[in-house]
Amino acid sequence: MATVAEPAAQPPPAEVSAASELQTIAFWRYHARLSFHTPLAYLKRDGQQRTQNPPDLQPIQRTGKGCGEWIPYRPDGFVALAELSQVQIDSWMADSGVEREQKLRLLIRFREIFESKVLHVDQKLMQIYSLVDQETFRSVASSLKGESFPDEVFIAELTTLRGIGLQKAQLLWNAGLRTPAMVQAAEDAELQSIRGIGPKLIAQIRSQEVA
């Protein structure tokens, strides 16, 4: 009498699903956020790939406070959209397109000027105005600039000082104190002449390390 072979044991549905999901991801590629506020280090990371397996990269690892994120790709080279939230999909699509490389080149050059330790702030501003007015970059620059560019980028940098929000940063900028280092080097009397800045905040500012 012939015996009927028992069917092979099947993994639970959850395990099958998890295994199939892992097979759909071949690698992760870093997409920098295309913004004048994104630090140079993150812009230069754009396009880097990693092949580490989950769980260290799941859910998608965000780094640099919104400076970019690791996007999963399938073996066929397409983005694994099923692994992304709608917000992430919208963000990725907004930073994609035929002008992406040109925008990235502009932003890298901008941040090289902005983060320079050699140039004075006035020299930075002159070079930035010249950069965005170049015919090569004029079109993509207009799509990236805010209404108060480039002042807004410098003002945002002032908020890296603890105790300084956007409102106080704007007042500091208007007073000619345009970098965290200039704020720290200012006389107490000059700082106290700015609304909302008193001895306690001045002491806090002076206690901080400024790059």
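The accessible surface of the protein comes to about 12900 Å² (Shrake-Rupley method, 1.4 Å probe), and 53% of this surface belongs to carbon and sulfur atoms. The model is predicted: local features need pLDDT of at least 70, side-chain atom pairs count only at pLDDT 80 or more, and totals for chains, interfaces and linings use all residues. Residues are numbered from 1 along each chain as its sequence is written, and side-chain values use heavy atoms, with hydrogens and water left out.

Of the 211 residues of the protein, 34% count as buried (under 20% relative accessible area, 1.4 Å probe, protein chains only). The protein holds 11 helices and four strands, which are DSSP runs numbered from the N terminus (helices H or I, at least four residues; strands E, at least two).

Strand β1, residues 27-32, is mostly covered, with five of its six residues buried. Six bridges pair β1 with strand β4 (residues 68-73) in the antiparallel sense; strands pair if DSSP finds at least two bridges between them. Here F27 stands opposite Y73 in β4. β1 also runs antiparallel to strand β2 (residues 49-50), joined by two bridges, and R29 stands opposite Q49 in β2.

Among the helices, α4 (residues 100-114) and α7 (residues 151-158) pack at an angle of about 55°, with their axes 12 Å apart. The axes are lines fitted to C-alpha atoms over the stretch in contact, and angles run from 0 to 180 degrees between N-to-C directions. F110, R111 and F114 of α4 make the contact with V153, F154 and E157 of α7 (heavy atoms within 4.5 Å).

Note on methods:
Buried < 20%, exposed > 50% of the residue type's maximum accessible area, 1.4 Å probe, protein only.
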